[in-house]
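Here is a briefing on one chain, arranged by topic. Please keep the sequence and the model in view while reading.

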Amino acid sequence: MDCPQQLAGGSKAVVPSGAGPGKFPDSAGGEAGVWVNGHPEPALPRTAAVAAPWKEERTRSIEDNQINLPSLQAAYSAILRGLGEDPDRQGLLRTPWRAATAMQFFTKGYQENISDIVNNAIFDEDHDEMVIVKDIDMFSMCEHHLVPFIGKVHIGYLPERRLLGLSKLARIVEIYSRRLQVQERLTKQIAVAITEALQPAGVGVVIEATHMCMVMRGVQKMNSKTVTSTMLGVFREDPKTREEFLTLIRN
């Protein structure tokens, strides 16, 4: 029997009654090459596909925020002038500071590291059935236009008797989404981080998002959504396991 659990922020966790068989390969499996912006992107090496995100270091610290804030403010003042505005008028006097601190918050994922949040939240349990957390709110910044894309993340994994605290899945989403991103890379980074942390039999991640760069500019299609997925291990190899995951996140 499926057992939904309500989490903070409206996301839901589901522990279903069954899951497909299979073992996650030692190398965690590589991805096929894809096309990005009209250009072919080569496949990642099978070992590098799981190793890099877990071991990456922070690229920014809280101290860096304070050091870099004046230059960010100056940059936003220059943007206002370039738009034909007067940054010294009353309504814009603190706008460069507000915009600079907001951008630092929008990209605070650069200050965080996955190992900090998951190392104390991995539990040995006699459980090897699929675990799903769906409808995790996601806010990120398009690296091409510096405007938001907003949506939901659905995560499933098939544990090998090692469980990750449910809230930590949402924290992993937060770390990678609070960076300059493209949705395709964000989807894979989340899946790879969970794979490296838990070494489960498989991981599936699906993201549905609305991109302001398509809504506010360009083609201006208000109702368009972008859906991306990454399937690793048994989620990629076994159609029944993959279908169970996709069915559960739709229901």
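**Overall picture**

The chain exposes about 13,300 Å², and carbon and sulfur atoms supply 55% of that area. Accessible areas come from the Shrake-Rupley method with a 1.4 Å probe, and for residues only the protein chains shown count as cover. This is a predicted model, in which local features need pLDDT of at least 70, side-chain atom pairs count only at pLDDT 80 or more, and totals for chains, interfaces and linings use all residues. Residues are numbered from 1 along each chain as its sequence is written, and side-chain values use heavy atoms, with hydrogens and water left out.

**Fold and burial**

- The secondary structure comes to nine helices and eleven strands. Helices (H or I, at least four residues) and strands (E, at least two) are DSSP runs, numbered from the N terminus.
- Of the 251 residues, 43% count as buried. Buried means under 20% relative accessible area, exposed means over 50%, and partly exposed is in between (1.4 Å probe, protein chains only).
- Take the contacts between residues at least 6 apart in sequence: 70% of them join residues at least 24 apart. A contact means heavy atoms within 4.5 Å.

**Aromatic rings**

- A search of the whole structure finds one aromatic pair. F235 and F245 form this pair, which is edge-to-face, with 5.4 Å centre to centre and 80 degrees between the planes.
- The pair links distant parts of the chain. F235 sits in helix α8 (residues 234-237) and F245 in helix α9 (residues 239-250), ten residues apart.
- Both F235 and F245 are buried.
- Rings of Phe, Tyr and Trp (its six-membered ring) pair if their centres lie within 6.5 Å. Planes under 30 degrees apart count as stacked, over 60 as edge-to-face and the rest as tilted.
- R94 lies over the face of W97, at 4.6 Å from the ring centre. A charge sits over a ring if NZ of Lys or CZ of Arg is within 6 Å of the ring centre and within 35 degrees of the ring normal.

**Cysteines**

- The search of the whole structure finds zero disulfides. C142 is in no disulfide, and the nearest cysteine sulfur, that of C213, is 4.2 Å away.
- C213 is likewise in no disulfide, with the sulfur of C142 as its nearest cysteine sulfur, 4.2 Å away.
- A disulfide is a pair of cysteine sulfur atoms within 2.5 Å.
- C142 is buried, at a relative accessible area of 5%. C213 also counts as buried, at 11% relative accessibility.

- D135 has a phi near 60 degrees, a positive value in a residue other than glycine. D135 is found in strand β6 (residues 131-142).
- D135 counts as buried because its relative accessibility is 19%.
- Q220 is not a glycine either, yet has a positive phi of about 55 degrees. Its place is the loop between α7 (212-215) and β11 (226-233).
- Q220 is exposed, with a relative accessible area of 51%.

**A polar contact in a loop**

- N113 lies in the loop between α3 (95-106) and α4 (114-118). N113 is buried, with a relative accessible area of 7%.
- The side chain of N113 makes a polar contact with the side chain of S115 (2.6 Å).
- A polar contact is a pair of N or O atoms within 3.5 Å. Within protein, one must be able to donate a hydrogen and the other to accept it, and residues adjacent in sequence count only if both atoms are side-chain atoms.

**Separations in sequence and space**

- G202 lies in strand β10 (residues 202-211) and counts as buried, at 0% relative accessibility.
- V234 lies in helix α8 and is buried, with a relative accessible area of 1%. V234 and G204 are 30 residues apart along the chain, and their C-alpha atoms are separated by 9.2 Å.
- A170 is in helix α5 (residues 166-177). A170 is partly exposed, with a relative accessible area of 27%.
- A170 and I190 are 20 residues apart in sequence and 9.9 Å apart in space, C-alpha to C-alpha.
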